[in-house]
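Okay, thanks for coming, everyone.

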Amino acid sequence: MATNTLSTEKKFTWGGGKSPFNVSYGKLMMWIFLLSDAFTFSSLLIAYGFIRYSFQSPIPNTIVKPLSEVGHNFVEQMNEAGLFLQDHWPSPELVFNHFPFIHGIHLPLFFVSLMTFILIFSSVTMVLAVEAGHRMAKNEVAKYMLLTIIGGAMFLGCQAWEWTTFIGEGARLYGNPYGPRSFAALFFIVTGFHGFHVFSGVMLNVIIYINVLNGTYEKRGHYEMVEKVGLYWHFVDLVWVFVFTFFYLI
Amino acid sequence: MEHIEHIEHTESPKDMKAQIWKTFWILFAFTVIDIVLYFFLISYHSMIKNWLFIVLGIVKAYYIVGVFMHMKFERKTLMYSIIIPMVFVIFFVTLMIIEGDYTNILRWFK
């Protein structure tokens, strides 16, 4: 109990007797880490922008309309139609047009929109867990943490499916059937790096969830760990907003 | 230095739950706008379209960082120490736009 009495007031106090940022050490360090991680992701996305910009823009597609029927050899057809060329960046709508269990229909952006909504929703459940933590409502925190973990796992499943489809069509780190080599390489590196962040986030969420169930934070007197891991989780959502913008929308 | 600053744990509004759901609907709406614009401009490629989507992304980022990550309700010192270093990103973007343009010209205009 000796450690507990000291917690809420002293925890936020620095050596000078004041906390300049009005947050605990751990939370401040999480922010600093996220700032450095934001630089990493910015560098990756800027590299993407630079490489894409140094190629010629995609050729406008006037052949395939969304929701129209397409054959199994879609990629070859597009190559023959001259929409995938080595000098031109491929139009994302012609590459990411698959949806699980629906074959033979051109569905650009549908699957990735679903992934985006899953991630936004898991972000909401995370922030609701943080809010419940402020009220010391253990059961509610546990419920929302579980929902967040499920959302994260669903997102990872979606990404695994997308990678499988992409690799199945012949996309590799060293080349792809859509055009410039760097197209698939950048896709794998950036979405892979983001996916690994999601994976780490899910693992952290699982640890925190177990701790919530064990009553660790109830004993500690505050649910600040949920807030810290929440910051990380929202950051992953934030990065996805830009990955979604650069890789799929533009 | 016996003065111990007592921290206000949450300076956030009392109806935090309502605010969270409001933010969710804003993010949802902006994503829907993204998708609608995407289909509207599907076979059109230009710099203006790219910037349009980037600006929409930044608007969503504002809501995620501000409300979900609680930045709006933190002390200004924390806010600025995280936001101001992002200037370096803008600097890097500017450099790479200039350099990418140059590479493009060297490569394709003969």
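This is a predicted model: local features need pLDDT of at least 70, side-chain atom pairs count only at pLDDT 80 or more; totals for chains, interfaces and linings use all residues.

As a reminder, most residues other than glycine have a negative phi. Is A:Asn22 buried or exposed? Its relative accessibility is 11%, and the cut-off for buried is under 20%, so A:Asn22 counts as buried.

There's another one of these in chain A. A:Leu109 isn't a glycine either, and its phi is positive, near 70°. You'll find A:Leu109 in the loop between helix H4 (92-95) and H5. A:Leu109 is at 3% relative accessibility, so that one goes down as buried too.

Let me zoom out to the chains. Chain A has 9 helices and 0 strands, so to speak a plain run of α from the N terminus on, α-α-α-α-α-α-α-α-α. Along the principal axes, the C-alpha atoms of chain A fill a box of roughly 75 × 40 × 25 Å. Of the 250 residues in chain A, 55% are buried. If you take the contacts in chain A with a separation of 6 or more, 72% come from residues 24 or more positions apart.

Now chain B. Here we have 4 helices and 0 strands, in the order α-α-α-α along the sequence. Chain B has 110 residues, and buried ones make up 37% of them. For chain B, residues 24 or more positions apart account for 60% of the contacts with a separation of 6 or more. Its accessible surface comes to about 7,000 Å², and 73% of that belongs to carbon and sulfur atoms.

On to the charges. Side chains of opposite charge can pair when their charged atoms come close. How many salt bridges are there over all chains? The count comes to 7.

Start with A:Lys228 and A:Glu224, which form a salt bridge with the closest N and O atoms 3.5 Å apart. Why do these two line up? They are 4 residues apart in helix H9 (residues 224-249) of chain A, so about one helical turn separates them. Both A:Lys228 and A:Glu224 are buried, by the way.

Then there's a network: salt bridges with shared partners join A:Glu131, A:Arg135, A:Glu140 and B:Lys17. Inside it, the side chains of A:Glu131 and A:Arg135 meet at 3.0 Å, N to O. A:Arg135 also forms a salt bridge with A:Glu140, and there the closest N and O atoms are 3.1 Å apart. What about burial? A:Glu131 is at 10% relative accessibility, so it counts as buried. A:Arg135, at 40%, counts as partly exposed, and A:Glu140, at 22%, is partly exposed as well.

Next, the holes. H6(A) gives the largest share, 4 residues. By type, the lining divides into 9 nonpolar, 3 polar and 1 charged.

Last stop, still on helix H6 of chain A, where A:Lys143 is found. A:Lys143 has a relative accessible area of 45%, which makes it partly exposed. How far is A:Lys143 from A:Ala185, C-alpha to C-alpha? They are 42 residues apart along the chain, and their C-alpha atoms are separated by 39 Å.

That's my tour. Over to you.

Key: Residues are numbered from 1 along each chain as its sequence is written. Chains are lettered from A and ligands numbered from 1 in the order in which they are written. Side-chain values use heavy atoms; hydrogens and water are left out. Helices (H or I, at least four residues) and strands (E, at least two) are DSSP runs, numbered from the N terminus. Buried means under 20% relative accessible area, exposed over 50%, partly exposed in between (1.4 Å probe, protein chains only). Contact means heavy atoms within 4.5 Å. Accessible areas come from the Shrake-Rupley method with a 1.4 Å probe; for residues, only the protein chains shown count as cover. A salt bridge is a side-chain nitrogen of Lys or Arg within 4 Å of a carboxyl oxygen of Asp or Glu. Ala, Val, Leu, Ile, Met, Phe, Trp, Tyr, Cys and Pro count as nonpolar, Asp, Glu, Lys and Arg as charged, and the others, Gly among them, as polar.
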